[in-house]
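User: I'd like to learn how to read the helices and loops in a model like this one. Can you walk me through it?

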Amino acid sequence: MAVPTTEGDSRAKRYDRQIRIWGAHGQDALERAHICLVNAGPTGTEALKNLVLGGIAAFTVVDGADVGVADTGNNFMVEASDVGRKRAAAVAAPLKELNENVAGSCVEEDPMALLEAQPTFFHSFTLVIATQLREDEVLRLEAATRPAGVPLLIARSYGLAGYLRISTEEHRVVESKPDSAAQDLRFHAPWPQLQALAQSIDLATLNDIDHKHVPYGLLLVKAALQWRSEHNGALPANSAERTAFKELIKSWQRSIDGVPLDEENFLEAVSNAHKMWAPPSIPSEVRTILQDDAAKHVTSSSPDFWLLAAALRAFVDEDGHASLPLEGSIPDMFATTAMYLQLQRVYRERAEQDVAAVEAHLARILQSVGRDAKSVPKADIRAFCKNARNLRVVRFKSLADEAGSSGGGVAAPGSGLRGALSGEDTAAAASLYLLLRAADRFRVSYGRWPGVGVPGEAEGDVSSHERDLPALKSLAVGLVAEAGASPSAFSISDDMTGEVCRFGGSEVHCMGAIVGGMAAQEAIKLLTHQFVPLAGTLIFNSMGLQSSSSVFNF
């Protein structure tokens, strides 16, 4: 007889691997997201495919183009029978089939015409992914999404080149999940409960089994207490004293006929002794957040993140002795299960005390700005405290500022671009960035992409891409001048310019899959508020023997 499964069981099985990465709360965030895809070429559909499989709530495809013969060769979401149909409808159907839990719809209109007719159309989405738009079109779309607080993710593949960029005022990350994170275990400054637990252990009276299973953390605390009592309350301060501190720990190790017994917990204590005199400090990124004006001057409309940051700031200043809340977990230690759980309980109880202290500060702050003292869920407070060392805030320069068209007196990329063009490792990617922008200007000026033949023009001795190379390079040089640099000081290679001409604005599937995959990854970061999203402009270049990617903060 089959065992019935609940909806939760089915969800856990379907998304098991990804839930292991971003947790059930991250999956919940995905399942609340409504994504808008602008243009349904291979780049866009590859990005959306990954998000549909990941379990977003819904998607809307905006594309007014018809499926052409070229689409059948580069877009896996269309078939030969779709030629002549609207591309938005053609790709929406197979995308919905990938996950029956995801709702899908389409708008069969040109995105720019839709924006002109309905300026607030894009305001209702969680995220807008815009693909294969020219710079002037992206700027129009950004002008609609950015003031509304809707993140805009721009993805583009152009021949064998790729481009990725995020535009939103600010993105706040609670779980940045760094590759390596310092553990704050407070061995150097034990609170009363941890100190009492360490003092309750009499090493001399323990049997050999228990002696070799005392957690190394408690050995370090005991050693520190003894050292402080003999050194006027100070911890080891120089190399000689640190060596002596380690020798103190080794002296407690049991031996037979002068040969130390195999007690791994003592070896762990010696190898981790540095945590006594080099405890982790508050990361610079977190200090910047605590000192940010958004944390110092909160209002009733402040996002919960900044209200929590204000409470955390008060905790550090008033309760934490310049320390962040204790995270509450401990690393693996050579210990008996009972002793390990006892130590873990002490840490968790202290972590809960710190959460309660932050919650009290938050309640006071919420009341001061006219909000309900309980309006921020306890789960959010606990997650904020648990990840206090990993908080991050990313603020994105607008594309209008980067392009020098904001009207606010902000120059185009400027010194950042000049530096990239003169760098040995970055010159090629920076040149490609300029050429992609120049190609957009070429398209606006000539009504076609560089390298594409003119309708009705007879084939001559000069190919289309050779004919357009000087004009494209001239536009790129003009962008260098706009950045405030002397065009003669920087060289954009004819080979790269010729390749961009040869691409003719094409969107090939292999590059669409790569750029679309990267776009989906950045989208998940934005939707879950986990991991740190791309903070600049990514240029992907696969024209050489080896592919390369560069990120610029112009």
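Analyst: One convention to begin with: helices and strands here are DSSP runs, numbered from the N terminus, with at least four residues (H or I) for a helix and at least two (E) for a strand. With those labels, Asn-39 sits in the loop between β1 (34-38) and α3 (42-54). Keep in mind that this is a predicted model.

User: What is the phi of Asn-39, and is the residue buried or exposed?

Analyst: Asn-39 isn't a glycine, yet its phi is positive, about 80°. The cut-off for buried is under 20% relative accessible area, so Asn-39, at 11% relative accessibility, counts as buried.

User: Which loop holds Asn-232, and what is its accessibility?

Analyst: Asn-232 is in the loop between α10 and α11. Asn-232 also has a positive phi without being a glycine, about 55° in this case. For exposed, the cut-off is over 50%, so Asn-232 counts as exposed at 83% relative accessibility.

User: Now α22. What do its span and its bend look like?

Analyst: Helix α22 (residues 464-482) has 19 residues, so at 1.5 Å a residue it should span 27 Å, and its end C-alpha atoms are 27 Å apart, which agrees. There is a bend too, about 30° at Pro-470. After the helix comes Gly-484, with a positive phi near 85°.

User: Which helices do the buried residues of α22 pack against?

Analyst: They pack against α20 (415-422), α21 (427-446) and α23 (494-503). Among the buried residues of α22 are Asp-468, Leu-472, Ala-476 and Leu-479.

User: How do I read the crossing of α21 and α22?

Analyst: Look at axis distance, angle and handedness, then the residues that meet. The axes of α21 and α22 come within 8 Å and cross at roughly 115°, and the crossing is right-handed. From α21, the contact includes Leu-434, Arg-437 and Phe-442; from α22, it includes Asp-468, Leu-472 and Leu-479. By class, that contact has 12 nonpolar, no polar and 4 charged residues.

User: Is Arg-437 buried or exposed?

Analyst: Arg-437, in helix α21, counts as buried because its relative accessibility is 6%. Arg-437 and Arg-134 are 303 residues apart in sequence, but 8.2 Å apart in space, C-alpha to C-alpha.

User: And what does the contact of α22 with α23 look like?

Analyst: Here the axes come within 9 Å and cross at roughly 120°, again with a right-handed crossing. His-465, Asp-468, Leu-469, Leu-472 and Lys-473 in α22 meet residues of α23, including Asp-494, Thr-497 and Arg-502.

Terms used
Residues are numbered from 1 along each chain as its sequence is written. This is a predicted model: local features need pLDDT of at least 70, side-chain atom pairs count only at pLDDT 80 or more; totals for chains, interfaces and linings use all residues. Side-chain values use heavy atoms; hydrogens and water are left out. The expected span of a helix is 1.5 Å times one less than its number of residues. The bend at a residue is the angle between axes fitted to the seven residues ending there and the seven starting there. Buried means under 20% relative accessible area, exposed over 50%, partly exposed in between (1.4 Å probe, protein chains only). Contact means heavy atoms within 4.5 Å. Axes are lines fitted to C-alpha atoms, for helices over the stretch in contact, and angles run from 0 to 180 degrees between N-to-C directions. A crossing is left-handed if the near helix is turned anticlockwise from the far one by less than a right angle, and right-handed if clockwise. Ala, Val, Leu, Ile, Met, Phe, Trp, Tyr, Cys and Pro count as nonpolar, Asp, Glu, Lys and Arg as charged, and the others, Gly among them, as polar.
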